[in-house]
Amino acid sequence: MRILVINGPNINMLGIRERELYGNKTYKDLIKCIKDYTDDKDIEIEIYQSNSEGQIINKIQEAYKLYDGIVINPAAYTHTSVAILDALKAVNIPTVEVHLTDVDNREEFRKISYVSYFAKKTIKGKGFEGYIEAIDYLKENFK
């Protein structure tokens, strides 16, 4: 199985930004966690991060017919980007939305998720473990 993991804006700043919400683990720690988990499984993984909405859309479009699943943490674009939603719908690859924090217990605007209109599942507030759960969900349901 081939899975593309996409991380949106400021995820690369883990360990630096808002430690009270995101903790001390870094983006490199997240990558290592995902790769360590998938190394001994029948899963080929690519991890991508961008602070640019257009680059995220391009990456989603490039995934067409190349990946069996997408795990996406659109970060701030969760609440604003119909374009990312449209790109996911266009490629029609099973997708799981992940958020490190429980966005439902944060600011009101964070309760809106455009990606959730397409995602098969949304995982919130489980930190790095949410990515593992998303990978397992895709493997169990869409292989």
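Reader: Leaving aside its neighbours within four places in sequence, which residues is N7 in contact with?

Author: Before the details, note that this is a predicted model, in which local features need pLDDT of at least 70 and side-chain atom pairs count only at pLDDT 80 or more, while totals for chains, interfaces and linings use all residues. Residues are numbered from 1 along each chain as its sequence is written, and side-chain values use heavy atoms, with hydrogens and water left out.

Once its neighbours within four places in sequence are set aside, N7 is in contact with Y27, L30, I47, Y48, Q49, S50, I56, N73 and Y131, where contact means heavy atoms within 4.5 Å. One of these partners, Y131, also makes a polar contact through its side chain with the side chain of N7, at 2.5 Å; a polar contact is a pair of N or O atoms within 3.5 Å, and within protein one must be able to donate a hydrogen and the other to accept it, while residues adjacent in sequence count only if both atoms are side-chain atoms. N7 is found in strand β1, which covers residues 2–7; strands (E, at least two residues) and helices (H or I, at least four) are DSSP runs numbered from the N terminus. With a relative accessible area of 0%, N7 is buried, a word that means under 20%, whereas exposed means over 50% and partly exposed lies in between, using a 1.4 Å probe and protein chains only.

The phi of N10 is near 75°, a positive value in a residue other than glycine. Most residues other than glycine have a negative phi. A positive phi, near 55°, is also found at A75, in the loop between β3 (69–73) and α4 (82–91), but A75 is buried, at 14% relative accessible area.

As for the whole, the protein chain has five helices and five strands, and from the N terminus on its elements run β-α-α-β-α-β-α-β-β-α. Of its 143 residues, 48% count as buried. Among contacts between residues at least 6 apart in sequence, 75% join residues at least 24 apart, and the C-alpha atoms fill a box of roughly 35 × 35 × 25 Å along the principal axes.
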